[in-house]
Amino acid sequence: MQDKLVNPFEIFKNWYDEAKQTEVNDPNAMALASNGLDGFPNVRIVLLKDFNEKGFVFYTNLNSIKGRELQACANAALCFHWKTLQKQVRIQGLVEIVKDSEADKYFASRPRLSQIGAWASQQSEEIKEKFKLEKQIAYYTAKFGLGNIPRPPHWSGFRLKPCAFEFWHAGEFRLHKRLKYYLSGADYSWHMKKLYP
């Protein structure tokens with residue numbers, strides 16, 4: 001069965017709002033899968049910081065493993081799992097780096113120690129010298145004093161622009177409800193099909 005429907009962002013918003021009321025820890029936690037530079041897929045948990053019909057936004061060090069992978073290959077996927085609700089959302093799409101103004105605004109909203117950490121940490125690199133990170137934190141704490149801390153040039157956000165969603169809701173006897181929404185057709189609009197559990 002296949003139907004043309006409204007876009008799935010409204011469904012996601014309703015489920016996400018519900019998760020914010022029921023999930024004890026990090027309802028905005030999502031698994032991010034990228035194409036590894038070594039040929040293997042990579043997955044890790046990141047935090048959703050914003051979403052609308054333009055896409056799903058998260059932030060990172062652009063020189064980190066995930067930053068380099070996403071810049072090398074824009075194909076990526078997200079997965080939200082809300083255990084209390086027995087719901088899951090999988091999203092596939094293409095990523096792009098957010099505008100500098102958007103990254104600047106979010107960076108300015110972060111706690112001061114997180115801002116310093118963005119300067120001090122060479123994310124994903126090996127720490128070869130004992131206390132190197134602590135020394136870097138002390139250095140940038142002194143450098144910026146009490147003034148505003150600018151966003152590092154190597155730190156920004158990515159926006160995943162969905163081309164497919166799958167909504168999964170647990171059912172009795174493992175007869176789960178699965179709905180897939182995907183962009184298709186000449187007008188590149190959202191369509192839906194039901195999947196076997």
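## Close-up views of a predicted model

At 10% relative accessibility, W190 counts as buried, where buried means under 20% relative accessible area, exposed over 50% and partly exposed in between (1.4 Å probe, protein chains only). This is a predicted model, in which local features need pLDDT of at least 70 and side-chain atom pairs count only at pLDDT 80 or more, while totals for chains, interfaces and linings use all residues. Residues are numbered from 1 along each chain as its sequence is written, and side-chain values use heavy atoms, with hydrogens and water left out.

**View 1. The whole protein, to get your bearings.** Five helices and 10 strands make up the list of elements here; helices (H or I, at least four residues) and strands (E, at least two) are DSSP runs, numbered from the N terminus. The C-alpha trace spans about 60 × 40 × 35 Å along its principal axes. Of the 197 residues in the protein, 40% are buried.

**View 2. W190 and H191 in strand β10.** Welcome back to W190, which lies in strand β10. Between W190 and G93 there are 14 Å in space, C-alpha to C-alpha, and the two are 97 residues apart in sequence. H191 also belongs to strand β10, which covers residues 189–195. Is H191 buried or exposed? H191 counts as buried because its relative accessibility is 15%. The side chain of H191 makes a polar contact with the side chain of S189, at 3.4 Å. A polar contact is a pair of N or O atoms within 3.5 Å; within protein, one must be able to donate a hydrogen and the other to accept it, and residues adjacent in sequence count only if both atoms are side-chain atoms.

View 3. Seven bridges pair β9 with β10 in the antiparallel sense; two strands pair if DSSP finds at least two bridges between them. Look for L179, which stands opposite K194 in β10. Four residues lie between the strands of this hairpin, and G185 takes a positive phi near 90°. In the loop between β9 and β10 you will also find D187, which is partly exposed, with a relative accessible area of 48%. The side chain of D187 makes a polar contact with the side chain of S189 (3.0 Å).

**View 4. H176 in the loop between β8 and β9.** This loop is the place of H176, which counts as buried because its relative accessibility is 12%. A polar atom of the H176 side chain lies 3.1 Å from the backbone nitrogen of G171.

**View 5. Strand β6 and its two partners.** In a regular strand the side chains alternate between the two faces of the sheet. The hairpin of β6 and β7 has four residues between the strands, and Q86 takes a positive phi near 55°.

**View 6. The nonpolar cores.** In soluble globular proteins, nonpolar side chains tend to be buried together. A nonpolar core is a set of buried Ala, Val, Leu, Ile, Met, Phe, Trp, Tyr and Cys residues joined through side-chain atoms within 4.5 Å. The largest one has 31 residues, of which F12, F56, F80, W82, V89 and F165 touch the most other members. At least two residues of this core come from each of α1 (9–22), β2, β5 (55–61), β6, β7, β8 (155–169), β9 (177–184) and β10. With five residues, α1 gives the most to this core. I116, Y140, F144 and I149 are among the 14 residues of a second, separate core.

**View 7. The lining of the largest pocket.** A pocket is an open set of points on a 1 Å grid over the protein atoms alone, where a 1.4 Å probe fits, with protein on both sides within 12 Å along at least five of seven lines; lining residues have an atom within 4 Å of a point. Among the lining residues are V46, K49, Y106, R110 and W155. Two or more lining residues come from each of β3 (41–47) and β5, and β5 gives the most, with three residues.
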